[in-house]
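Reader: I would like a close look at one part of this protein, followed by a connected account of the surroundings that can be described with it. Please take the time to go residue by residue.

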Amino acid sequence: MTQTIETQLLVIGGGPGGYIAGIRAGQLGVKTIVVEGVNPGGTCLNIGCIPSKALIHAAEEFAKTAAFAAGTSPLGITVQAPALDIAKTVEWKAGIVKKLTSGVSALLKKNGAQLVKGWATIVDGKTVDVAGAGEDGGNLRIKCEHLLLATGSEPVELPFLPFGGKVISSTEALSPTALPKHLIVVGGGYIGLELGTVYRKLGCEVTVVEAQDRILPAYDNELTKPVATHLQKSGVKVLVKHSVLGLTDGGALRVRDPDGTELTLDADQILVAVGRRPKTDGFNLESLGLDLAGKAIKIDDQCRTSMRNVWAIGDVAGEPMLAHRAMAQGELVAEIVSGKKRHFMPAAIPAVCFTDPEVVVVGLSPDEAKAQGIEIKTSMFPFAANGRAMSLESTDGFVRVVARAGDHRILGWQAVGVQVSELSIAFVQSIEMGATLEDIAGTIHPHPTLGEAVQEAALRALGHALHI
Ligand code: FAD
Ligand code: NAD
């Protein structure tokens, strides 16, 4: 039997976009239902940001202890060789995920938003069915005034290298039952490098196969160089300009090198991480006939789709596929639905790649600014001249600032180095608040911190750096 209920806002998908929309709408008194097919928290909390960062930390700790055991540390610390119980590591990671996902359910409840577990199928722009979610276990039909699509994304599958068996996606790579002797990573982007580094630090042989001429091709060469150097030093083999062709009958990976010669690479597992695509299939979205931009749902600066009162946020609405962008859009749509006037016009959306060392990009790079015809002042400050970086045994990398030449207004920051993910907040705040080089140069930065490199980069752009 079909049970029918009504709500003001119906959100499909309980990831960072959808759950934040639910919480904020609840706070504003908008009657809201969030439908989630798997687990609240979405890709980010369950199989993305959080579990990957947990494993990055575990691998870092293991590698550090292994270095102490090898007697290569200059700190005078020696220990016995470490052993790894991977099942326990994965259990620890799962504990963090569980804490956070149950926290999301509790926050939705606390704010008065209802969470319905099940798969939503669109009937029309104001009606959604959730099979099995009715009180008697039958169909639940939800009628709404506003429909918010927050269905996220899924990994791109290569047709000649489908997922299954030894070919895995990030989801399987985040929950290993045993470690492979040799892992091949197809794709030297965010996921490939974050997880490839994890597996290498845990002692696996790792080969990265990247189609472009360098890793992290979305970033500039200067910025990614320290990451490439570190991968090489740590023993990760990186094959750039190599195209993947498929598997041999024996299960080896067939690749073509830049000269056109075909090679085969043996591996116990092959992680394919060649991008993610918006999840627009399998829930009758096509029946709405929304305007698309490629696979993504087309939205305006209020996250409105081409159909009145149908909204889309996060990965399903295209790039950049980042959790904080999805959250900001979720909050915005909830506020608009409640009657507030809002537009999605961030001055910049920070991007952080949690490689070793970490990479941060906020706003315009020097090349991007020049391509827009902007005359710029740019300078970088190396961590080699920063005391805190030395005390952390990590002097690779730098902070770079990009400012408009005329008025010194900051347009962009880039950084690569230890723990620079935490500097991204200062970067984006300065851009959002319209800071100039003088504002940053004139702010007292605490000593000794990595953040002093931020001030020094601004000082250097003004021609009077103090520590270089
Ligand atoms: P999702 O988080 O994908 O959530 C969508 C939800 O909708 C899912 O839970 C899904 O089950 C549900 N759903 C879909 N269809 C239906 C339906 N028909 N009915 C009911 N429910 C449905 N981003 C960062 O910013 N920082 C990082 O460090 C980072 N690391 C990542 C690491 C990995 C390995 C991966 C894969 C991604 C990472 N990302 C990271 C990207 C980040 O996870 C996504 O940008 C973010 O989760 C997008 O949020 P969303 O709400 O749009 O979608
Ligand atoms: P990506 O776009 O970051 O990288 C994909 C890489 O694969 C690129 O370097 C591309 O040139 C390469 N590639 C494409 N086709 C190939 C082929 N046939 N053979 C070899 N290489 C090929 O994608 P991803 O690493 O899968 O991550 C997906 C998205 O998830 C990211 O774009 C990002 O939005 C999000 N993410 C973010 C973080 C973070 O914020 N720290 C971490 C993980 C994922």
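Predicted model: local features only at pLDDT ≥ 70, side-chain atom pairs only at ≥ 80, totals over all residues.

Author: Leaving out residues up to four places away in sequence, His408 touches Lys377, Ala403, Ala435, Thr436, Leu437, Glu438 and Leu462.

Tyr190 counts as partly exposed at 32% relative accessibility, while Tyr219, at 8% relative accessibility, counts as buried. Trp413 and Phe427 form an aromatic pair that is stacked, with 4.9 Å from centre to centre and 15° between the planes. This pair links distant parts of the chain, since Trp413 is in strand S24 and Phe427 is in helix H11 (residues 424-432), 14 residues apart. Trp413 is buried, with a relative accessible area of 0%, and Phe427 is likewise buried, with a relative accessible area of 0%.

Tyr190 leads on to an annotated site. In the unreviewed UniProt entry, the annotation "binding site" covers Gly187, Gly188, Gly189, Tyr190, Ile191, Gly192, Leu193, Glu194, Glu210 and Gly275. These residues are spread over 89 residues of sequence, yet they cluster in space, the largest C-alpha distance being 14.1 Å. Gly192 lies in helix H6 (residues 190-201) and is buried, with a relative accessible area of 0%; beyond four places in sequence, Gly192 touches Val185, Gly187 and Ala273. Glu194 is also found in helix H6, and Glu194 is buried, with a relative accessible area of 6%. Apart from its neighbours within four places in sequence, Glu194 is in contact with Ser52, Lys53, Ile56, Val352, Cys353, Phe354 and Thr355. With one of these, Lys53, the side chain of Glu194 makes a polar contact of 2.8 Å.

The largest nonpolar core has 34 residues, of which Val198, Tyr199, Val206, Tyr219, Leu223, Leu271 and Val359 touch the most other members. The elements that give two or more residues to this core are helix H3 (49-69), helix H4 (86-110), strand S9 (182-186), H6, strand S10 (205-209), helix H7 (221-234), strand S20 (351-353) and strand S21 (358-363). From each of domain 2 (167-274) and domain 3 (351-461), this core draws at least three residues. Val359 touches Leu216, Tyr219, Leu223, Val227, Ala351, Val352, Cys353, Ala415, Val416 and Val420, not counting residues up to four places away in sequence. As a general background, nonpolar side chains in soluble globular proteins tend to be buried together.

Terms used:
Residues numbered from 1 in each chain as written. Chains lettered and ligands numbered in written order. Heavy atoms only, no water. Contact = heavy atoms within 4.5 Å. UniProt positions renumbered as here; feature names shortened; annotations may be inferred. Helix = DSSP H or I, 4+ residues; strand = E, 2+ residues; numbered from the N terminus. Buried < 20%, exposed > 50% of the residue type's maximum accessible area, 1.4 Å probe, protein only. Polar contact = N/O pair within 3.5 Å; in protein donor to acceptor, adjacent residues only side chain to side chain. Core = buried A, V, L, I, M, F, W, Y, C linked by side-chain atoms within 4.5 Å. Domains from an automatic or database assignment. Phe/Tyr/Trp six-rings, centres within 6.5 Å; stacked < 30°, edge-to-face > 60°.
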